[in-house]
Every structure is written in C-alpha cells, then in structure tokens.
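Have a look at the molecule below, then try each task before reading its solution.

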Amino acid sequence: MGVESNPRRFCETAPAMNDPTLLLPGLSPVAGKTVVAKFDGGLLSSDGGLVVLRAVEQRLCVADRLAACIADPRSPDQITHSLAAIIRFRLLMIGAGYEDGNDATGLRSDPMFKMALDLSPSDRELCSQSTISRLENLPEARALLRMGRAMVDLYCASFHTIPKRIVLDIDDTFDAAHGGQQLRLFNAHHDEYGFQPIVVFDGEGRFITAVLRPARRPGGKEIRAFLRRLLRAIRANWPRTEILLRADSHYCCPEVLDWCRANGVDFILGVAPTTTLRRHIEGLEASAKARFQAAPKEGKARRFKAFYDGAASWSRVERIVARVEAGAQGPDTRFIVTNLKGRAPRALYENVYCRRGQAENHIKSWKTHLAADRTSCTKATANQFRLFLHAGAYWLMWSLRASMPKRSMWRVAQFDTLRLRLIKLAARVVEMKTMIRVHLPTACPAQLMLRIALGRIPRLLI
C-alpha cells in the first residue's frame, strides 16, 4: 500500500539519513525567518550536571567499595575497563536517569560521562552494554555478602561523629518478576509473580542495606537471621551505639522480640489487632466516639492508652500502646509494642513510631526515581547485585541533596527533581591541549545551587 518494506533498501539509505550535515525537515519559520537545524553541534551532552555527581562519587568511593568485593577473573594485561570503572559508569547512569543497561550503547561516547570516568572527551569509548551484563552476572554469594558489609561500612562512614543512637527502619517492598527468574514467587495480594526484598534505612534516610527474597511475608526466623548479620556489621564499626528497631506488624514476631531483648536493641513495632488487645480499649473507644459525636466540627477524637499484655506465642508480656481514633467513619484503633520506657503513650506513637512513614518515601525514591525494581536478570545473584548498584546510586543522590543548604527547598527535593534541575543540563564540551571547557546554559536557573553543592561536597565525611 505504498509503504517501503524492503529492509535492504532501508539499510542502504540509513547512512545518508544519519549525515549530520543534512537539515532537519519540517520546521516552521520563526518571526519570518527560516529555521535551520542540523546534527552538527559537535561534543554535546544533555547531562552537564554530571560534574557534580562525579564529585559526590569521588568523595564517597562507592564504586571502589563495591569493586573491592569482587574477584576479577580477567587477565590483567587484557583489561580495558576496570571493575570500578564499569560500576562507576553504571552508578552515574542510574543517577542520571538511565536505569537500563542498554542505554550504555548510546552513552559510551557521551563526553560528560567520559569526563566523569576521568577520560578526555576524545579518549576511548566507555564500556558497552554486554560488558555491564557480564559484570552483573559475575558476583557470587560470598562477594555479595562482602558488598552488604561494604554498604554498612559506607553508612557508618557517613557520620561526622559516632552517633549515640540510631534508628533502623526496616520494611519490605514488592518487585514484579519479568519471566522465569530465580527466587520469584506468586504473591496473592499483588496477584502476580515477583520478589519482596527487605530494605533498611536509618531515621534520616541513609541507605543501609537491601536483601533480595521471594515475594512472601518474612518469617520470624528469617528476620532474626537478617538482623543478626546487620547488627554484627554495625557493631563492628560502633560497638556502643544504641539501636532502635522500627517496623510495622510484619516484623512483630516472638523471635524478633526475644532477639532484640537478648542483644540490647530497643524496638517499637506495629501489632496486629486481636480480640485480647481490644478488650483493653473498649471503654476508650466508647469515650472517643462520644467525644467526637459531642463536637464533630472539631475533627476526629484521638485517645491513647498504655498497658501490658502479650500474645500466647510471646515469651513475656510487653508494653502495648493503643491509639484510638473516632471519626465520621467510625473508630480506628492501632497498636504498637515497645520496650522504650519513660515516655508518654502519645509521644511514643506520634513522635517515634509514626515517623516510620518516612521509610515509605525513601523506598519510593529508591524504586520510582532510581528504578531499583529493575530486577529482571535470570540469576538471583545478579538481581541482588543490581539492588546494591541502585543503592549506590541512592547514596549519590542522597549525598547531593545533603550538601544543599538546610533551609532551602533543595534539601527536601525528590531525587527526580534534583536530576531534572541539577543534572539534566545541556553542555557543550570543548577539548583543548591543556584544558577542557564545559559550556553550560547561561540561563540555567540552578547556577547558585551548583556552585554551593560543589563547594560543600568536599566536606562530606567518608
């Protein structure tokens, strides 16, 4: 029907269409003047802000930390791209919004990415997608365990002084599978196959670790084993730092409660409502409902109560805090369990436990803005390595945000906002004999923030 379908003819005409001297057709005149557009701009990049992200990575040494955990089987005299260089390229790609390894095919010649890996714009090309794929499948289980400890060491090194107390927010998140992959499992709640990795952040949003696992609710023994390894790695850096474990009701298991008490770890965990627990707050629910009905315009009535009780599987009774809320939709009651003492029930719930909700935002930043759910490899070890790569990219973006002024909007900006405003900058690169000039847009609205960030990044303590 008049459509060219001969692939041989297309291949013959493609080189001519890629000629940079050809005009871009179909452009309308502007102000009565003809618009001429060609692909002859020379060394240009759409990621001029990589100069800042490169400075962050040089300070954190994330790529070097991960590469040191992997044994390189290649012959030293045949190596073009070191493991650290490949990982660094991948981290910067993820940070700049290129979450797919296939993007390396087009970015390996990008002048800004070359400079970010300490190469001149006219130097050799960076590694290809196939090289990145081979790297992802290289680490074995022991190397991944070393990487997990390296991530904890990176977290501990990010503090200026040893903290007296830290808060560990532990949660799990669902990742859909993309085929017949190792560890995939059908999840009835999400109605599809996938994984459910456990992720840990601290109270300020620093990434600590992530573990790939099947898409099912973690059991008490699994959580206890995970916490034991995590605590051992943290204690190796900070033997006397107090630790508070904060999580929802999925992690309120007798094994977890007993382990926390035996190892001197404080905890504040959600508890699933039971008939036994509800008996303690029947009167409180009735009074909260009456208070709301008496003055509905004042909003929901909220009451708190602390008492001691425990499930039949628990080894002892624990302190339970109940939050009772009455509104137009009826009563809503939540329970938490904690071994923290000397605090009012309201303060424990609102000022301590509810801040766990920030962990959801950190997971969103990791998954949505950095595409950490791209666990599409066949091997489980490769997907675990990907989690660490995206965790490394999270550290780059988090540290970039932490270098911003405390009271500015940049300090609370989402990662995709930081990327759009600070990294996705048009740049023209001019290489001279003794200098490389990077020409950024004169009208760039983030000039001041880029200057401030570059001035503060050397102060990041790693």
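**Exercise 1**

At what angle do the axes of helix H4 and helix H7 cross, and within how many Å do they come? Keep in mind as you work that this is a predicted model.

*Solution.* Start with the geometry: the axes of H4 (residues 83-95) and H7 (residues 129-136) cross at roughly 105° and come within 11 Å. Next, classify the angle. The range from 65 to 115 degrees counts as roughly perpendicular, so H4 is roughly perpendicular to H7. Now look at the residues that meet. H4 brings Leu83, Ile86, Ile87, Phe89, Arg90 and Met93, while H7 brings Thr131, Ile132, Leu135 and Glu136. Sorted by class, this contact holds 7 nonpolar, 1 polar and 2 charged residues.

**Exercise 2**

Describe how helix H8 packs with helix H9, and give the class of each residue type in their contact.

*Solution.* Two quantities come first, because a pair of packed helices is described by the angle between the axes and the distance between them. For H8 (residues 141-157) and H9 (residues 220-237), the angle is about 45° and the axes are 10 Å apart. The two helices are therefore oblique to each other. As for handedness, H8 passes H9 in a right-handed crossing. On the H8 side the contact uses Val152, Asp153 and Cys156, which meet Leu230, Ala233, Ile234 and Asn237 of H9. The tally by class for H8 with H9 is 5 nonpolar, 1 polar and 1 charged residues.

**Exercise 3**

In what order do the 3 strands of the open sheet lie, and which are the edge strands?

*Solution.* Reading across the sheet, the order is E3-E5-E4, with antiparallel pairing. Strand E3 (175-176) and strand E4 (185-187) each pair on one side only, which makes them the edge strands. Now zoom in on one pairing: E4 and strand E5 (residues 192-195) run antiparallel and are joined by 3 bridges. To place one of the residues, take leucine 185, whose bridge partner in E5 is glycine 194.

**Exercise 4**

Is serine 399 buried or exposed? Find the helix that holds serine 399, and list its contacts beyond four places away in sequence.

*Solution.* First, locate the residue: serine 399 sits in helix H15, which spans residues 380-402. Second, check its accessibility. The relative accessible area of serine 399 is 2%, and buried means under 20%, so serine 399 is buried. Third, look for its neighbours: leaving aside residues up to four places away in sequence, serine 399 touches Val56, Leu60 and Leu460.

Notes:
Residues are numbered from 1 along each chain as its sequence is written. This is a predicted model: local features need pLDDT of at least 70, side-chain atom pairs count only at pLDDT 80 or more; totals for chains, interfaces and linings use all residues. Side-chain values use heavy atoms; hydrogens and water are left out. Helices (H or I, at least four residues) and strands (E, at least two) are DSSP runs, numbered from the N terminus. Buried means under 20% relative accessible area, exposed over 50%, partly exposed in between (1.4 Å probe, protein chains only). Contact means heavy atoms within 4.5 Å. Axes are lines fitted to C-alpha atoms, for helices over the stretch in contact, and angles run from 0 to 180 degrees between N-to-C directions. Angles under 35 degrees count as roughly parallel, over 145 as roughly antiparallel, 65 to 115 as roughly perpendicular and the rest as oblique. A crossing is left-handed if the near helix is turned anticlockwise from the far one by less than a right angle, and right-handed if clockwise. Ala, Val, Leu, Ile, Met, Phe, Trp, Tyr, Cys and Pro count as nonpolar, Asp, Glu, Lys and Arg as charged, and the others, Gly among them, as polar. Two strands pair if DSSP finds at least two bridges between them.
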